[in-house]
Amino acid sequence: MVGSVMNTTNTDFHRKKVVFIMGSTGTGKSRLSVDLAGHIPAEIINSDKMQVYNGGLDILTNKIPESERNGVTHHLISEFDPNSDFTVSDFCFHALKAIDKIVRSDRVPIIVGGSNSFIEALVEDPHFKFKAKYESCFLWLDVSVPILNSFVSKRVDHMVHAGLVDEVRALLIPGSDSDCTRGIHRAIGVPELDEYFKAEAKLTDKTTKEKLLREAIEKIKDNTRKLVLTQLKKIQRLRYEKGWAIHRVDATPVFQRGGKDAGRAWEEFVAKPSLAIANDFLLKLNENYVM
Ligand code: ATP
């Protein structure tokens, strides 16, 4: 049975404890982080390189809305200038600052997001001495690729219904040569729609415009499916080649079921096992613990 760590404080440990939630886009990482924070005294640090930016694109980058955060404090989300490049070093610097603040308030930092290069640098770059200061638990929310592909494709359609095209249009200055290599402009959806807006401006025929828009949306789906695969490969590399002790949690049944059954499957296959792993980790005395 899952125990409770609500009365255990992070300062009880010699090396402080940090939980990571990894996984490809669309697997449910944000939901899991908030669920865990309902049972563990925790704050969340975003590690998605596109969600760090403010100034729009909340639909496109799929940021967790305030209403779904359950009052849990989120760090490094919507905080930085969308025209600046938020680098790996920026992430490490700001994440370490947030981690330090969270553990000082006797809470557990939960780092959540799909940018594995950020996570790898934070944990392994000797400059940050992360391993000397912190003990980590890695949860990997995995979903069968064909099922996830179909989900993320439908998610793009939902984003379009929710106003994705206008959201990106508002970001790009009309008539200007937008630099799709910088900041938030690199997010999947921006270069594809930028190309469409440029072509659209030269057209009068409605049917051709609609056709081009459909093609741009297909490209967004295609690039999102590619992202699913590259993110998966990066996690597999960390686990199988670098030997990171990553706990795999299979969320596939949640996606295979609909309605109430999906909610039950989430509890059974994702929420409970993840909480059990996190609790084990948090309750275990640190290897370097000094009595
Ligand atoms: P890399 O070093 O290859 O950039 P990474 O692990 O640091 O990989 P990922 O999160 O896999 O970063 O992002 C790779 C690319 O995928 C981003 O540069 C961006 O184009 C796109 N991308 C990632 N996350 C999002 C998102 N939430 N919304 C839109 N596009 C995204």
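I take a polar contact as a pair of N or O atoms within 3.5 Å; within protein, one must be able to donate a hydrogen and the other to accept it, and residues adjacent in sequence count only if both atoms are side-chain atoms. The model is predicted: local features need pLDDT of at least 70, side-chain atom pairs count only at pLDDT 80 or more, and totals for chains, interfaces and linings use all residues. Residues are numbered from 1 along each chain as its sequence is written, and side-chain values use heavy atoms, with hydrogens and water left out.

I looked up Lys-49 and found a side-chain N or O atom 2.6 Å from a ligand oxygen atom. For Asp-48, I read 2.9 Å between a polar side-chain atom and a ligand nitrogen atom. Ile-188 uses a backbone N or O atom, 2.9 Å from a nitrogen atom of the ligand. I noted that the ligand alone exposes 600 Å², and the protein buries 80% of that (Shrake-Rupley method, 1.4 Å probe).

Entry: the shell.
I find 15 residues around the ligand (a heavy atom within 4 Å). I sort them into five nonpolar, six polar and four charged. Gly counts as polar here. Domain 1 (17–145 + 242–283) and domain 2 (149–223) both give residues to this shell, so the ligand lies between them. The domain bounds come from an automatic or database assignment.

Entry: Lys-63.
I checked Lys-63: its relative accessibility is 10%, so it counts as buried (under 20%, 1.4 Å probe, protein chains only). Its side chain makes a polar contact with the side chain of Asp-58 at 3.0 Å.

How values were computed
Buried < 20%, exposed > 50% of the residue type's maximum accessible area, 1.4 Å probe, protein only.
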